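Visitor: I am new to this structure and would like a close look at a single part. Please set that part in the context of the whole chain.

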Amino acid sequence: MTKIQNITVALIYDFDGTLSPGNMQEYDFIPSVGKSNAEFWEQSNRTAQEQDADPILTYMYLMIHHARARGLSLRREAFRDAGSHIALFAGVQEWFGRMNAYAAERGITVHHYINSSGLREMIEGTPIASEFRRIYACSFLYDVDGIAVWPALAVNYTNKTQFIFKINKGIESVYDSEGVNRYIPHEERAVRFRHMIYFGDGTTDIPCMRLVKEQGGHSIAVYKPSCAEDRAKSEQLVRDGRVSYVCPADYSADAEIDVLVRTIIDKIAADRRLEELESK
């Protein structure tokens, strides 16, 4: 097989409902503050509505509030420890190495990214944290004693799109707003939009999935396997023209999403070979 050079493909994932079956706070943090999942989210949503506030900032505030009330640690290490209890969908841990190897055989480098409204510190505690080139997610500011005191970054459904442009231009810093707004010719950008694959499951992912799709990339809506309701919601996204494909969230070898992504990688490689032939 003739190898082609200098292609970077970005696989960009939401986290909750995409790589993990539930909200990350529900596995360890919410039980530790003496709340049921329903109680915590009901309070969070009610507070956001009453205060006309951003729901993401509200849940982050409640995490600090409830942890302080229970005398629990608010250090980064405590959040990472909570993240170590997060469950993952079938095949997730083996997925990254398999995709990397498959792409490398075709002369393609794969970079994996998280783009999530969940908590970065918790994701850093999962066994797959090292697989990601960058984790774009909510995070806290810490005082001189290493205690979380304030949100450093809140990622909601609209500002998620900024990270697509950062990946596109190779600007990895959250702080760097100047670089992401600098003009860079499309052919010189770090990752072209058509070389992006976005994985998401819910309404917070729709702007990103649609952006990637409309710019020539590929967006995949995933759903809990064997959940007819989730599948119906994902299929509606296809009918609405917001995503390209729908797959169950099973990342095992030869599962539906595995075959689909390998096929997309093959297409990217074939498109590049055609470009090279056209240029001769």
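Guide:

With 280 residues, a compact globule would have a radius of gyration near 19 Å, and the protein chain agrees, at 19 Å; the radius is taken over C-alpha atoms, and the globule rule is 2.2 Å times the number of residues to the power 0.38. This is a predicted model, in which local features need pLDDT of at least 70 and side-chain atom pairs count only at pLDDT 80 or more, while totals for chains, interfaces and linings use all residues. Residues are numbered from 1 along each chain as its sequence is written, and side-chain values use heavy atoms, with hydrogens and water left out.

The C-alpha trace of the protein chain spans about 70 × 45 × 35 Å along its principal axes. The chain has 11 helices and 7 strands; these are DSSP runs numbered from the N terminus, helices being H or I with at least four residues and strands being E with at least two. Of the 280 residues, 49% are buried. Here buried means under 20% relative accessible area, exposed means over 50%, and partly exposed lies in between (1.4 Å probe, protein chains only).

The part to look at is helix α2, which takes in residues 37–51. Its 15 residues reach 21 Å from the first C-alpha to the last, close to the 21 Å expected at 1.5 Å a residue; the expected span is 1.5 Å times one less than the number of residues.

The buried residues of α2 are Phe40, Trp41, Gln43, Ser44, Thr47 and Ala48. They lie on the same side of α2 because they cover an arc of only 155 degrees around the axis, the arc being that of the directions from the helix axis to the C-beta atoms. The cover over these buried residues includes α1 (29–32) and α3 (55–69). On the face of α2 turned away from the buried side are the exposed residues Ala38, Gln49 and Glu50. Just after α2, Asp52 takes a positive phi of about 50 degrees.

Returning to the whole chain, contacts (heavy atoms within 4.5 Å) can be sorted by sequence separation. Among those between residues at least 6 apart in sequence, 63% join residues at least 24 apart.

The chain exposes about 13,400 Å², and carbon and sulfur atoms supply 48% of that area. Accessible areas come from the Shrake-Rupley method with a 1.4 Å probe; for residues, only the protein chains shown count as cover.
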